[in-house]
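Please keep the structure in view while reading.

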Amino acid sequence: MKFPRIHPLGDSAMLVQFDDVFSMEANAKALALDRVLSANMPMGVVELVPTIASLMIRFDPLETSYLALQEICQEAIAGGLEGEHQDNRTFIVPAIYGGQDGPDLAEVADLMGVSDDQAIASHSETTLQVMMLGFAPGCSYLGLLSEAWNIPRGTKINPQVPAGALLVALRQVVFPGAPMPTGWRQIGRAPVKTFDVARDPVFALSSGDKIRFEPISVKKAAFVDDSLLWTAEQ
Amino acid sequence: MSGLKVVKFYPGTTIQDQGRLGFQRFGVTAGGAIDRYALAQGQALLGNNADVAAVEFAGAGGVFQAVGDLWLATSGAEMPALVDDRPIAWRRSFYVRDGQRVELGAAKGGVYSYLHIAGGFQTEISLGSRSNFGRGGMAAQLETGLILGAAEGLTANQRTLPARSYFDRRNVYFVKGPQTDLFPQKILDRFQAEEFTVTASRDRMGMRLEPEGGLLTFAGGLSTLSEACVVGDIQLAGDGRPAILLADRQPTGGYPRIGTVISAHLAAVAQMPVGHKFGFEFVSQEKAVGELKKWRDEIAGLPGKVQNLVRDPAEIADLLAYSLVDGVIRGDEDENS
C-alpha cells in the first residue's frame, strides 16, 4: 500500500499515516509535517498529535473541512518533509541501572546475550529520539536502541512502575512521566521529573527531542537536581 | 468562602468542564464533561459562561451542604432532588440558603447527571481545566468535607428548560476511518446489520458493547501502530466486543477502529443505560458535519429556551421561608417572572 495515506478520523479529525509498520523514517516525516503545520497553523485546526508513524490533525469542521486540510497536507508533503530538524534539543539524563530501580536488567541482558554491564553500556551510549508521547501524561517513547535490544515485551503486567522508569522492548524505551502499569521490562530509573503540573514547563520533553542516559550510582541519584536539567543547553 | 460542601459522594463523581485541549501530544487526554449538551443546559439555566465547571455524577447522586446562599441548577439524567426535605424538579435552577442540604438520588433513564452553580465551581485548575482526570492526578478531586467554591456575588433566577430526550437513541451514526477497510467484509456487514447491547463494563474512558449476533471475531486479527485516538472511536480488538472510546479515552492506542461515532451522537451514546440496545448506521462525512452543525445550533439556542418558573404560591410549602426571600425581597428577578 502506498504512503502517505490520509483518512478522516471521525468528523472532526484526520490522520496522516506515513507507514503501517515501525520506521524511524516514517516517524521523522510525521514530526516534520507536525513542524510544518505548527509553524503556519491552518485555519480551523485545533490540535496536532504526532505519533510513531502518523500525525493526527484535530479541526473544527464548521471552520474548515477535511478536503481543505487534505489538500494542505498534500502540498506540505509534496514540498518535501526530508531533512533532520536542526533545532532539536539534546538532554543528558542521569539514570540508575539495575538493583531496585531496574529489577529486570539481568533478564534483559540474558535475552540480549550480553552481561549486565554491556547492556548498560549499550543503553547509555545511544542517543535516542523522543518518537512520540502517549499512553499516559508525559510518557515518552524513545528510539531506537541497537538491534540487540529487539526483545519482546514482558509476559506479565507490572501494576505500577515509578515515574522515570526505563522500560525496554522492541528497540524502544518507554519513559513514563507518572507512575503507571506496564508490560515492559524495567532496567533502570532516571531520578527526574519529565511531567510536573506545578512546574513550567509542565512537560520536559517534546517529540523530536534527543536524549542520552548517563549511568549514576544510587548514592549520587539522591543529589540529582533536575530543576536546571530541562532548560540547560547541552 | 461560599460554596457547596461535599457531605457524601459515590465513585464516578467528578468535577468537569469542557476539558483540556492541546495536550494530547504530551499524552494528556482532553477529558471534560461526558455530556456536553447537559453541561450547556446547566450553563443556560444559570446564565453561566460555557467554560465553567460543574459536578458530574455517574448514576449515583450525593449529599451537599450550602455554605453561604447559592444558586444551583441540575441537568442530564434525571435524579430525585431534595433541598432539605423539599423535592425540587429536575432541570431547573434554584436557590439554596446557607446551611441547607442538597440531596440527589439515583439517575433514571440515563447515566450522567450534573449539578451546576452560578459562575461555576471555583476548584483547582490543572493545564487550563478543572476537569478531574484521576489517572493523571489532574485537578483537585472530590473529597468529603471539601467545599467546592462558588464565585462571589452572582445571582440567577428560578428557571427551567423543556425536556429533550436523547438518551434512548436506537441508531448511532458512525463514519469510516483509517482502518475500516482492513476489516473483513463479513464483519463490516454484521457491524451495520446487528444490534448491540450496552454492558456494565463502562466508565468515562469508554463502554464495551455486546453484539447480539455473537462475538465479532475474525481470523488473523489486526494490530496497528500506536496512533492518536479520538472520542467516539469504535475499537474492535480480538475479543469480538466493540468498545466506544469516551471523554477519558487513552490519548493513543494500537487497537484497530472499525469507525468513529459522529460528534453529534456522543452525548447520547454516553448516556445510554446498561442494557440499552442500538445499531450502528454508516453516514457520510457531509451528513456527520451537518448533524454537528444542527447539534451546535441547538446548544447555542439553549439560553433562548430557558423559561422563568411561574409558581402558584398555594403550592409552595415554605412560602415565607423561601420564596419571599429569594423572590421578592431580593428584587432582582426578571420582570416577567
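In this predicted model, strand β15 (residues 206–211) of chain B pairs with strand β18 (residues 243–245) of chain B in the antiparallel sense, over three bridges. Within this pairing, B:G206 stands opposite B:L245 of β18(B). β15(B) also pairs with strand β14 (residues 195–202) of chain B, again in the antiparallel sense, and here there are four bridges. One bridge links B:R202 to its partner B:M207 in β15(B). β14(B) and β15(B) make up a hairpin, and three residues lie between the two strands.

Chain B also has an open sheet of six strands, in the order β7-β6-β9-β4-β1-β11, with antiparallel pairing. Its edge strands are β7 (86–88) and β11 (147–149) of chain B, each of which pairs on one side only. On average, neighbouring strands of this sheet are turned by 30° against each other, direction ignored. Inside the order, strand β1 (residues 3–9) of chain B and strand β4 (residues 62–67) of chain B are antiparallel and share six bridges. In this pair, B:G3 stands opposite B:V67 of β4(B).

Chain A holds an open sheet of four strands, ordered β1-β2-β4-β3, and the pairing is antiparallel. β1 (5–8) and β3 (45–50) of chain A are at the edges with a single partner strand each, so one side of each has no neighbour in the sheet. From one strand to the next, the twist averages 15°. Four bridges connect β1(A) with strand β2 (residues 13–17) of chain A, and these two strands run antiparallel. A:I6 has A:V16 in β2(A) as its bridge partner.

| Strand pair | Bridges |
|---|---|
| β15(B) and β18(B) | three bridges |
| β14(B) and β15(B) | four bridges |
| β1(B) and β4(B) | six bridges |
| β1(A) and β2(A) | four bridges |

The next topic is the interface. The size of an interface is often given as the accessible area lost when the parts come together. Between chain A and chain B, the buried area is about 3200 Å², and carbon and sulfur atoms give 63% of it. In terms of residues, 43 of chain A are in contact with 40 of chain B.

How many salt bridges are there between chain A and chain B? The count is two salt bridges. B:R25 forms a salt bridge with A:D34, and their closest N and O atoms are 2.7 Å apart. On the side of chain A that touches chain B, β1, β2, β3, β4 (54–59) and β6 (128–133) of chain A each supply at least two residues. β3(A) gives the most to this side, with five residues. By class, the side of chain A that touches chain B has 27 nonpolar, nine polar and seven charged residues.

Some details of the backbone remain. A:F3 and A:P4 are joined by a cis peptide bond with omega about 0°, and A:P4 is in the segment before β1 of chain A. Another cis peptide bond runs from A:G143 to A:L144, with omega near -5°. A:L144 lies in the loop between β7 (140–143) and β8 (158–161) of chain A. In chain B, B:R91 has phi near 60°, a positive value in a residue other than glycine. B:R91 belongs to the loop between β7 and β8 (93–96) of chain B.

Conventions. Residues numbered from 1 in each chain as written. Chains lettered and ligands numbered in written order. Predicted model: local features only at pLDDT ≥ 70, side-chain atom pairs only at ≥ 80, totals over all residues. Heavy atoms only, no water. Pairing = 2+ DSSP bridges. Axes fitted to C-alpha atoms, helices over the stretch in contact; angles between N-to-C directions. Contact = heavy atoms within 4.5 Å. Buried area = accessible area lost by both parts, 1.4 Å probe. Salt bridge = Lys/Arg side-chain N within 4 Å of Asp/Glu carboxyl O. Nonpolar A, V, L, I, M, F, W, Y, C, P; charged D, E, K, R; others polar.
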